[in-house]
Amino acid sequence: KDDQVGGLLMYGVPNMKLDKNTIKRRVLIMEEEGVKFITNASVGENVDIHDIVERFDAVVISIGAGNPRDLNIPGRNLNGIHFALPFLTHATKFLMGTQQSIPDVYLAKEKNVIVIGGGDTGTDCTSTSLRQGCKTLVNFELTPQPPIPTEKGNKQWPERANIFRVDYGHEEIATKFGSDPRSYCISSKEFVGDENGNVTAIKTVEVEWKRADGRWIMNEVAGTEKVWPCDMALLAMGYLGPVQKIAQQLNLKMDARSNIEAVSGNYQSSLPKVFAAGDCRRGQSLVVWAIKEGRGVAEEVNQFLQKQ
């Protein structure tokens, strides 16, 4: 649907983290092998999905998990509050020369920036804001700070160790401003704006986590309310599954997490000739899983076509 091939790797991952020549090289190899890429094709909007299913013997849906988790608190409609992906996309398009400038509403220069949500996307937002010249930057995380490792090895193996990690964005912010940008156990309560409808601050409260009956319970801590200056808020709180328009138009069966239901191993959806792979099938994850599922669904489609 974009003007460049590559999906999130092209526009959702900043240039300093992934050189776009790496993607372009792979795309060129695929084109030489006979793959035809059509850009600016938003299937379900300016391209009819039913026409695609009718014309082709097999269709693979690999649209990712593009439905972002929102923060529905008072003041959410104020100007200057953005989902992470549009912010990162504008920054990357400008650096690649596919757009001449970054719209001011998406530019962090001289602004007090609040990034809400940790993880890789939150880190990418912090480092991009720094490069754009933000005035201050704070990264809210709802959960407690993980423990700092004191011994080598992973005692939680084969699960990923829950330890304090410093990613590239955290290190860069600490170098620039003198401290790690992350503030833990912070719950956002309200955005505050000016008479022009622009966000100017955000109200928060600290929370504490306690385990009861086998699950974690979050409670607000009285007397910890705080108002933070905020000219731009970036929401990086994960995704709630794929954008639904294609699945709805094809009436595909969805699972309990709003992903396209397709059996792991054969990737076939409730419509026999339509397959699903990647984040739209298994939920948001890492690129290594996208690579694995891409290879897997290719083999399953090959076997499916051989039986026709």
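The model shown in every view is predicted.

**View 1. The largest cavity and its lining.** One cavity of 30 Å³ or more is counted in this model. The largest cavity has a volume of about 50 Å³. Its lining includes Pro 68, Thr 121 and the residues Phe 83, Ala 84 and Leu 85. Leu 235, Ala 236, Met 237, Gly 238 and Tyr 239 also line this cavity. Sorted by class, the lining comprises eight nonpolar residues, two polar residues and no charged residues.

View 2. Strand S10 covers residues 232-235. Met 232 and Leu 234 point one way from this strand, whereas Ala 233 and Leu 235 point the other way. All four of these residues are buried. Strand S2, residues 81-83, pairs with S10 in the parallel sense over three bridges; here the bridge partner of Ile 81 is Ala 233. Strand S3, residues 112-116, also runs parallel to S10 and is joined to it by four bridges. In that pairing, Ile 116 stands opposite Leu 235.

**View 3. The hairpin of S6 and S7.** Strand S6 (residues 186-193) pairs with strand S7 (residues 199-212) in the antiparallel sense, over seven bridges. Gly 193 has Val 199 in S7 as its bridge partner. Five residues lie between the two strands of this hairpin, in which Gly 197 takes a positive phi near 80°.

**View 4. The hairpin of S7 and S8.** Strand S8, residues 215-220, runs antiparallel to S7, and six bridges join the two. Trp 209 stands opposite Met 218 in S8. This hairpin has two residues between its strands, and Asp 213 takes a positive phi near 55°.

**View 5. The pairing of S7 with S9.** Strand S9 covers residues 226-229 and runs antiparallel to S7. Four bridges join these strands. Within this pairing, the bridge partner of Lys 203 is Val 227 in S9.

Technical notes:
Residues are numbered from 1 along each chain as its sequence is written. This is a predicted model: local features need pLDDT of at least 70, side-chain atom pairs count only at pLDDT 80 or more; totals for chains, interfaces and linings use all residues. Side-chain values use heavy atoms; hydrogens and water are left out. Two strands pair if DSSP finds at least two bridges between them. On a 1 Å grid over the protein atoms alone, a cavity is a set of points where a 1.4 Å probe fits but cannot get out, and a pocket is an open set with protein on both sides within 12 Å along at least five of seven lines; lining residues have an atom within 4 Å of a point. Grid points are joined across faces, edges and corners, and a volume is the space filled by probe spheres set on the points. Ala, Val, Leu, Ile, Met, Phe, Trp, Tyr, Cys and Pro count as nonpolar, Asp, Glu, Lys and Arg as charged, and the others, Gly among them, as polar. Buried means under 20% relative accessible area, exposed over 50%, partly exposed in between (1.4 Å probe, protein chains only).
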